[in-house]
Structure formats: C-alpha cells, structure tokens
Amino acid sequence: MRTGAVQALQGNREFAPHGIARLVHDGGGVTQLAIGAAQIRYESIVPASLLDDVLWAEAQRLRAPTVSEATWKDALRMARRDRGRAPALPREAAAALHMSPGLGHDGHAVGDALGKLGVRAVATHLAERFTYDRATLIVVAPDPPDMVLPRVVARFGELPAAERKARDRSGSARADAAPRELATAGGTGQLAWAIAGGVAAKLWAEAVCATINRIKHAADEPPRARLRCSIDDDVRRGTMILKPAGADDPLALVRGRLARLLASDRAMFDAERRRIADELALRVRTPLGMARWLARNQPAGRGRNAAAMRPQSELMGTAGLRSDLGSIPPELASLLEVGAALRVLGP
Amino acid sequence: MFFRRRHLALGLAAAAVSACRRKPTETVAEVWDEEPVASQAEALANLAPPWPAPTRGLLDDGLITFWLHEPGAVVLAVRLLLPMRATAGRDAGAMAVVAEALRHDVTRRIGRRAGVALVHGPDRIELSITAPETELAFVISGLQQSLLPRPTSALDSARDRVVAGLAPARPEEIAAALTLRTLLGPTAVHVDRNRTAALARSDLARAWTEFVDPRRAVLLVHSGRPADRGKPELRKLSDQWRSAAGRDRIESATGRLHRPPQPSGPATRLLSAPTTTLGIVTTGGPGPAQLVTGRVIATPTARDRARARLAQRVLQEELNASLAIAGDHAVLLVRSELSGSGGDRDVQRLVERIAEFAQSRHPRQRLFEAAQLWLGARVVEASLTGEDWTALFANAIDLADDDGAVAGALAADAGAMLAIDGEELQAFTKKWIDPRTGEPGWAWNAAGLTTAAAERLGRAVELAPRTLGG
C-alpha cells in the first residue's frame with residue numbers, strides 16, 4: 001500500500017508525474033503524503049484562491065494513474081528513501097494487539113518481490129485500492145460550507161455513481177479477566193492497549209496517559225514502584241503503553257493506578273481531560289490541524305448512509321471530555337480495564 | 001502548463017524514423033503574454049486575513065499598540081517589535097545580547113504556559129508569544145516584568161550564551177556584512193565573537209536602555225476579545241515599563257520601524273564607470289568563497305515596493321537574490337559562489353547575468369506566476385505557523401506609508417503587484433537592477449578567497465582588502 005501510494009504520485013492522463021505537487025507549490029502552497037497503518041492521506045495546504053484548482057486536481061488524482069516500468073522504479077526508489085520511525089512495540093506484539101497480521105511486517109522494507117512486479121500487476125493493485133469509493137475528501141476553507149460544497153460537487157460530480165466501500169478499519173478491543181500475554185523479542189513486561197478508532201478514544205487515551213504520568217506514589221505501593229505511560233499515535237492503530245517497574249506484582253500496580261483515576265485521583269483526571277480538550281481547540285485552529293483531526297473520524301458509513309451529516313461535537317470528540325462522567329463511555333472503559341491489554345514479555 | 005499534451009507526428013518520414021530510433025520529443029515552453037484571468041487575479045489580490053480595522057493606541061509610556069480582534073479566537077498572539085538598528089559606537093553584539101536576555105527572561109516567566117520565539121526582522125527583533133486566549137493577563141504581566149531593566153548578572157549570562165552559540169562566520173556572512181556596511185553606513189550587522197565577549201556590563205546596560213524602550217517599540221495583540229477588554233492589562237504594562245532613554249518619542253509605528261533616511265550610499269556601479277572596487281577578505285570560516293553584491297532601492301510608494309518585490313522574485317528564479325523592504329528603502333543582495341580557479345570569470349558572468357535580467361522584458365505569464373507564488377506562500381506560511389495575524393501585520397507595517405494604511409497594506413501590495421506589466425517592470429529593473437547602466441549605488445565584497453584566487457580575481461576587477469573589524 002505504501003509503495004502504491006507513492007506510485008499514485010506519478011501522474012495520470014491529466015497530470016505529469018508530481019504534477020499536482022507542482023500545481024500546489026507554484027501557488028505558494030505545501031503538499032505532502034502521510035502514510036499510516038490503515039490510512040493514507042494526500043495533504044495540501046494552499047491559498048484560498050487556489051481552492052478550485054486543487055479540488056479539480058484531487059478529482060483527477062486517482063483516475064487512470066500512469067503506470068510504467070520507469071514510474072514504478074521511481075516510486076520504489078522514493079519508498080526506499082523513507083525510513084519511517086522505530087515502532088514503540090515489537091512488531092509481533094503490535095500485530096497481535098490490533099489483530100492485524102500486516103502490522104507484523106516492516107512496511108518500509110521494499111523487497112525484491114515488489115521490484116519484480118509487472119506493470120499490469122501494479123496497475124491492477126492501484127485500480128482496486130486507490131479508488132474514490134474508498135476515499136474521503138476533507139476541505140477546510142475560510143468560506144462557509146454551503147458556499148464550498150457546490151464547488152466540490154461540481155468537480156467530483158462527473159464520477160460514475162458507486163456504492164461507498166470505505167469501512168471502519170479501526171482495531172477492536174476485547175476485554176478478558178486477565179491480559180493476554182505474548183513472549184517476543186523486545187518485550188519488557190509492558191502492557192499495551194489498542195486505542196479504538198475515532199477521535200473520542202484518542203482523547204481519552206491522552207487524558208488517561210497524562211494522569212498516570214502525574215499520579216504520585218501511594219503509601220501501599222512498593223517504594224521503588226514506577227509506572228510510565230506513552231502513546232504510539234496512529235490514526236487507526238493507536239496504542240497506549242504502560243511500563244511498570246520496581247514492583248513485584250506489576251499487574252497489581254497497574255490495576256491500582258488505573259482505579260485511582262476514577263477514585264482518589266479523580267480531581268487530577270478531571271483537570272487533565274479539561275486541559276486536553278482545551279489543547280485540542282488550539283491544535284485545530286489552523287486549517288491543516290483541523291483537517292488532520294477530522295481525518296481521524298470514522299468514514300461516513302457505506303452506501304446510502306455515506307452522505308449522512310454528523311454534528312460537529314461528534315466530529316471533534318470533546319463532548320465526553322467536558323462531561324461530568326455520569327456514566328463511563330466505552331472508549332474510556334476499555335482503557336481502564338487491564339483485561340483489555342496485551343502484556344508483552346521477553347522470550 | 002502542467003498537463004501532458006499530445007504531440008502530433010508530422011509526416012510519414014518522421015513517423016518512420018521514430019519507429020526505428022525513438023528520440024525524446026523536444027519540449028517547447030509556451031509563452032503567454034496576456035493579462036491574467038480577472039477572477040484569478042482578483043482572488044489573489046484578496047489574500048489577506050479578514051481582520052477588521054485594528055484598534056490603535058498610544059500608551060502613556062509612549063508604546064504604540066495595535067489590537068487585532070478576531071471574535072471567537074481561542075489563541076492569543078502577542079508580538080513586541082523592537083527596532084534594533086546599530087549606530088556608530090553601538091556594537092551589533094550588544095543588540096544580540098539584549099535580545100537574548102529578553103527572550104530568556106520571557107521564556108522563564110511564561111514559557112510554561114505560552115510559546116515564546118525570537119524572530120529577526122529588518123533592523124528589528126520581534127518577540128512572538130502565543131498562548132490560549134484565557135492567558136492574556138498572565139502573558140502581559142510576564143512580559144511587563146521582563147521589560148524592566150535587567151540586572152547586570154542577567155546580561156552577563158546572556159552575553160555568555162550568545163558567545164557560546166556563535167559559530168565561526170562563514171564566507172557568505174562576512175561578505176554580506178561588509179556589503180551591508182558599505183550600503184547602510186555603520187550598521188554593523190555582524191556579531192563578532194571577541195568583541196561580544198569583551199562587552200562590559202556598562203555597555204550592555206546602556207544597550208538595554210537604548211533598545212528596550214517603549215518610545216521606540218510597537219506591540220501587536222491578536223485576541224478573541226475586543227480591545228476594550230484588554231485595556232486594564234495594557235494600562236498596567238504602561239505604568240510599569242517606562243522609557244529610561246529620555247528621548248522624544250516617534251508618533252507612528254511606521255516611523256519607528258521603517259529605515260531612517262539613508263546616508264548617500266556609494267555612487268558606484270559594477271564593472272562600469274563610476275566603478276567600485278571589490279572588497280575582499282582572504283580569510284573566512286568553512287565553505288567555498290562567496291561574493292555578495294547589492295544596493296539600496298528607493299521605495300517611496302506602495303507601487304515601488306511591489307515593483308521591487310516582483311523584480312526580486314523573478315530574479316531569484318535565476319540567481320540567489322534576497323530583498324528586505326522596510327518602508328522607503330529596500331536592500332537587494334545577490335549572492336554567488338566563486339570558484340577557486342575561475343573567480344574572475346564568475347565575477348564577469350554574474351554582472352552580465354544581472355544586467356541581462358535587468359534589460360529584459362518578462363512576459364506577463366512569468367510575472368503572474370511569480371506574484372502568485374509570492375502572495376500565496378505569504379498566507380500559507382502564516383497559516384502553517386498558527387494563523388498568527390500579528391506576523392502578517394508586522395509585515396504590513398513594512399509595506400504601509402503610514403499607520404492608517406497598515407490594515408490594507410497587504411491587499412494593496414497584492415493588487416499593485418498583479419497590476420505590473422512587462423514594460424513597467426522592465427523600466428524599473430533597468431533603473432534599479434542593472435549594475436552597469438542603471439542608477440549608481442552598487443557595492444560588492446567577496447570572502448573566503450585564497451591568496452592565489454584573489455590574485456586571479458585582481459585581473460578582472462580592482463580589489464580592496466577589507467576586514468570585518470574595520
């Protein structure tokens with residue numbers, strides 16, 4: 001998929017290779033490609049005067065992509081240069097946690113098999129995967145939506161009618177009485193939770209993690225007990241990781257601290273979730289920040305439900321963070337449940 | 001322009017030949033010399049933040065403020081503009097130390113809840129602070145504390161940090177500093193490690209008093225609350241931060257931030273009478289030898305400023321050219337690398353290329369594309385850096401004739417730039433950019449040359465040895 005995304009930069013009947021990038025750059029804009037475990041984004045930020053040109057370019061991007069031996073080699077060369085970042089969890093553990101075997105491979109490795117793919121195979125791959133019925137267009141513009149939407153429809157309106165195929169690619173969490181365990185190289189006893197897809201779960205994970213990192217040592221805990229939390233962010237395959245240390249019973253330490261979020265340290269947790277909601281307002285202030293945040297939302301359904309309007313509060317995901325927590329939302333409940341985690345042990 | 005076009009095969013013979021041995025089709029650039037589409041030009045000219053009329057204030061302590069109100073904004077942006085123009089007897093190192101002391105103290109006081117950055121503008125520093133809108137009182141209060149005279153120990157520490165962070169000057173920096181000194185008089189823009197390390201506490205304290213002065217400063221605030229609701233905080237700032245320099249205040253922001261009238265610069269041209277000598281420095285830090293040439297361009301009107309910017313944008317497609325506009329004057333610099341064996345040819349070639357550019361008439365399409373790139377990049381950069389209106393407003397002050405024109409200066413600049421045609425720009429470049437037959441006023445310097453390379457260069461042009469210190 002990653003190499004395919006790069007190949008899709010090689011132009012089509014309307015654009016020369018990297019022609020869309022040139023269009024954006026010549027107008028003073030910036031464009032980039034963001035590749036995650038289950039989402040690819042083509043991002044462009046342009047002056048408002050260039051909106052119609054960019055809408056037209058996006059309406060052409062996925063049509064009849066140019067595929068030749070030369071462009072495929074060029075795409076492979078570009079893909080090899082992108083090294084990505086080191087995974088926060090061992091790959092095997094990430095695959096098991098998200099129940100997604102594809103995560104077990106290094107997506108940045110460009111093997112010989114890819115180099116041997118024929119032009120026809122590449123074209124078939126692109127025609128199957130990079131299609132408009134799987135894509136979502138996000139436009140953040142200074143004009144109100146009722147002025148922008150007709151311009152979007154005018155550009156994309158000529159596409160043949162098709163049932164929407166986009167589906168929720170978020171990992172699903174499951175809770176048992178005790179965490180699943182996996183022994184693998186790189187395991188140190190850390191506990192990992194799959195962050196459910198969507199914006200609300202990501203915000204809850206940030207609030208939980210920030211509070212865990214601030215919680216003070218309790219009198220009944222071993223004197224050298226430590227617990228650190230981090231988030232390996234990904235739009236669809238995000239992971240919350242807790243690393244216990246200095247405790248004879250690490251699970252008891254984790255359970256105890258998670259329980260304190262809704263009990264003795266509730267005030268701290270409330271303050272952190274309010275802070276996170278406030279910070280989000282700053283993060284989405286710029287068009288690029290807003291567009292990236294909206295891209296975290298689930299696709300707008302399949303078939304006839306695809307065009308359903310959704311309230312802004314749902315798209316932003318902050319309603320729960322600012323609520324009084326009368327009932328625990330499911331996105332938060334799964335993060336507080338040790339049984340939903342995967343414990344990664346050494347071999 | 002970006003789209004693939006089908007090429008027609010001409011004649012059977014051509015088709016037969018290409019069937020045997022395929023040659024790449026020669027690309028012929030299309031030249032459009034027509035007016036841009038009106039709607040496109042209009043949309044470009046309107047690229048400016050939708051700011052309402054700013055509220056201008058002149059506080060009791062002499063500080064000029066502009067309050068930019070954006071209803072519903074969740075982010076507060078505060079930008080303090082302090083002119084820092086070196087004068088005779090005031091070392092550039094002292095300015096750098098004052099700027100560092102201010103940045104450090106503001107960061108220490110409010111950095112936990114706000115973003116603080118120091119930005120260098122033309123002849124000034126800009127202290128930029130961004131924070132949640134709710135932090136207005138906290139930010140202004142912290143800023144006010146930091147603007148009070150610094151203890152000498154704080155200035156000492158700042159000097160040490162500046163000196164520790166100074167890398168050996170690269171040839172390009174040396175050549176640019178020497179050229180600017182020739183053009184602008186004693187504006188010693190180069191910060192010298194030894195001179196900065198030797199600055200006495202009394203020098204630093206005097207520099208602080210001179211530069212951190214409300215009678216010379218301008219404060220920009222971009223806030224979600226109206227100006228009236230920010231008055232109490234500004235009043236406290238005015239009560240505490242007083243001028244210690246005891247000089248007359250300048251009544252307008254443009255007057256404070258625009259360059260003062262220039263002393264008569266060098267009445268010389270490059271490789272043409274009256275000719276100037278080429279200043280050379282045979283030492284220099286790492287990197288290849290560099291030549292920097294430049295001149296001051298008079299930009300008394302908004303149209304002149306737009307012409308100068310457009311000329312630089314087109315020129316920089318071919319050469320490494322930069323332009324700093326600050327009101328009535330702009331400084332153009334062109335940088336070029338000098339090869340060790342053919343420096344004399346490089347010098348001749350550079351002057352030829354600049355002159356060739358200046359004498360050429362550029363098609364309308366090229367001008368429109370250059371303007372589109374410049375105007376678009378200006379707003380995209382502002383968006384990427386947080387939709388901070390104060391950054392663009394500071395830029396607008398440089399482009400405006402007076403304070404009343406600042407709010408509309410970006411739009412006026414865009415409109416003027418898009419209206420310039422090939423003949424108008426050609427007349428401008430012939431006068432200001434041609435180093436051989438245009439207005440005199442050129443200077444140049446080269447640094448990082450070996451002795452042998454300097455000797456070879458001496459065959460093409462008269463040399464004058466220079467040092468940064470003198």
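Buried residues are those under 20% relative accessible area, exposed ones are over 50%, and partly exposed ones lie in between (1.4 Å probe, protein chains only). The model is predicted, so that local features need pLDDT of at least 70 and side-chain atom pairs count only at pLDDT 80 or more, while totals for chains, interfaces and linings use all residues. Residues are numbered from 1 along each chain as its sequence is written, chains are lettered from A and ligands numbered from 1 in the order in which they are written, and side-chain values use heavy atoms, with hydrogens and water left out.

**View 1. The disulfide of A:C209 and A:C229.** Over all chains, the structure holds one disulfide (cysteine sulfur atoms within 2.5 Å). The sulfur atoms of A:C209 and A:C229 are 1.9 Å apart. Because the torsion about their S-S bond is about -100°, this disulfide is left-handed. A:C209 belongs to helix 9 (residues 199–214) of chain A and A:C229 to strand 5 (residues 226–232) of chain A, so the pair ties together parts that are 20 residues apart in sequence. Helices (H or I, at least four residues) and strands (E, at least two) are DSSP runs, numbered from the N terminus. Both A:C209 and A:C229 are buried.

**View 2. The two domains of chain B.** Chain B is divided into domain 1 (55–169 + 178–253) and domain 2 (278–465), with bounds from an automatic or database domain assignment. Taken over C-alpha atoms, the centres of these domains are separated by 28 Å. Their contact (heavy atoms within 4.5 Å) takes 26 residues from domain 1 and 26 residues from domain 2. The area buried between them is about 2000 Å², of which carbon and sulfur atoms give 71%; buried area is the accessible area (1.4 Å probe) that two parts lose on being put together, summed over both. Three salt bridges (side-chain nitrogen of Lys or Arg within 4 Å of a carboxyl oxygen of Asp or Glu) are found across this interface.

**View 3. The salt bridge of B:D388 and B:R79.** The side chains of B:D388 and B:R79 meet at 3.1 Å, N to O.

**View 4. Helix 16 of chain B.** In helix 16 (residues 422–432), the buried residues include B:G422, B:L425, B:F428 and B:W432. The buried residues of this helix pack against several elements of chain B, among them strand 8 (290–298), helix 11 (302–315) and strand 11 (442–447).

**View 5. Surroundings of B:I433.** Among the residues that B:I433 touches are B:I297, B:L315, B:F357 and B:W442, not counting residues up to four places away in sequence.
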